[in-house]
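My notebook is open, and the model goes up on the screen next. I jot down what I look up as I go.

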Amino acid sequence: MGEDMDRSSVPDDTPSAATVSPPRTSVHGCLGGDAVADLLLWKRPTFSLSALLCVSTVWFLFERAGYSFLSLVANVILSLVAILFFWAKSATLLNRPLPPLPNLEVSEEAIEKITCVVWTWINPVLAIGHDIAIERNFKRFLEVIVGLWLVSFIGSLFSFLSLVYTGVVIALTVPVLYDKYQDRVDKKVLAAHRFLLPYLTKIDNVVLSKIPISSIKQKKKE
């Protein structure tokens, strides 16, 4: 008895299930764990900063400086051709090495990598179409409708280039911030999910209750 009382009087230092935080998610692994993940998470700051500066420069030239795509491409190619021509001429006259041009061809490995990237993007889209058209997934249908409406609404507020630029800036800032403050963000998102879950369930039940499921079943039986 004395031993049991002594044991019960000793405070338990083990954390309860409510205080134990969920394990951290590897953002680098979720993003693929390759060069793209390193770029988005600023694992190589010089590479990420260069990408951000390039995108910002392109956005400034098209949106603020008034350049069009064709005029910019023509001016860049014109400058490169002129530089290479005069470099080659001066190299011939001064017995200097010619411009170190790389092998200007697309390898089969590059084509395979591009195909793999396109394949990983197209298959989920086709799966969503299959769920809507074949499986008649009403929830997925509502998600697609709301998502496309949001894209249309946002596209009416900004130009396409500004929208792409905003997306690139978000991609270069949100993942690294989430990786740094993941615990705080997860707690806020979990609290918001618990608060909104009853309302979302009610809306889902109301919408599904208005669908004539019995008539659909009768048509399938016929």
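Where is the place of Trp42? I find Trp42 in the loop between α3 (35–40) and α4. Before going further, I note that this is a predicted model, in which local features need pLDDT of at least 70, side-chain atom pairs count only at pLDDT 80 or more, and totals for chains, interfaces and linings use all residues. Residues are numbered from 1 along each chain as its sequence is written, and side-chain values use heavy atoms, with hydrogens and water left out.

**Entry: Trp42**

I looked up the backbone here: Trp42 has a positive phi of about 60° although it is not a glycine. Most residues other than glycine have a negative phi. Trp42 counts as partly exposed because its relative accessibility is 27%; buried means under 20% relative accessible area, exposed over 50%, and partly exposed in between, with a 1.4 Å probe and protein chains only.

**Entry: the chain overall**

I count 10 helices and 0 strands in the chain. Helices (H or I, at least four residues) and strands (E, at least two) are DSSP runs, numbered from the N terminus. Of the 222 residues in the chain, 8% are buried. The chain exposes about 18700 Å², with carbon and sulfur atoms supplying 69% of it; accessible areas come from the Shrake-Rupley method with a 1.4 Å probe, and for residues only the protein chains shown count as cover. I also checked contacts with a separation of 6 or more: residues 24 or more positions apart account for 46% of them, contact meaning heavy atoms within 4.5 Å.

**Entry: aromatic pairs**

How many aromatic pairs does the structure hold? I get 5. Rings of Phe, Tyr and Trp (its six-membered ring) pair if their centres lie within 6.5 Å; planes under 30 degrees apart count as stacked, over 60 as edge-to-face and the rest as tilted. One of the pairs is Trp59 with Tyr165, which is stacked at 5.0 Å centre to centre and 15° between the planes. This pair links distant parts of the chain, with Trp59 in helix α4 (residues 45–64) and Tyr165 in helix α8, 106 residues apart. Both Trp59 and Tyr165 are buried.

Next I looked at Phe85 and Phe86, an edge-to-face pair with 5.5 Å centre to centre and 75° between the planes. Phe85 is partly exposed because its relative accessible area is 47%, whereas Phe86, at 57%, counts as exposed.

**Entry: nonpolar patch**

On the surface I see a nonpolar patch formed by Val146, Trp149, Leu150, Phe153, Ile154, Leu157, Phe158 and Leu163, with about 770 Å² of accessible area together. Patch residues have over 30% relative accessible area and no salt bridge; like charges are joined within 9 Å, nonpolar side chains (Val, Leu, Ile, Met, Phe, Trp, Tyr) within 5 Å. A salt bridge is a side-chain nitrogen of Lys or Arg within 4 Å of a carboxyl oxygen of Asp or Glu. Helix α7 (residues 138–157) gives the most to the patch, 6 residues. Leu163 lies in helix α8 (residues 160–180) and is partly exposed, at 31% relative accessibility.

**Entry: Gln182**

Is Gln182 buried or exposed? Gln182 is buried, because its relative accessible area is 0%. I place Gln182 in helix α9 (residues 182–209). Leaving aside neighbours within four places in sequence, Gln182 is in contact with Arg24, Thr25 and Val27.

**Entry: cysteines**

I find 0 disulfides, a disulfide being a pair of cysteine sulfur atoms within 2.5 Å. Cys54 is partly exposed at 49% relative accessibility, and Cys116 is partly exposed at 46%.
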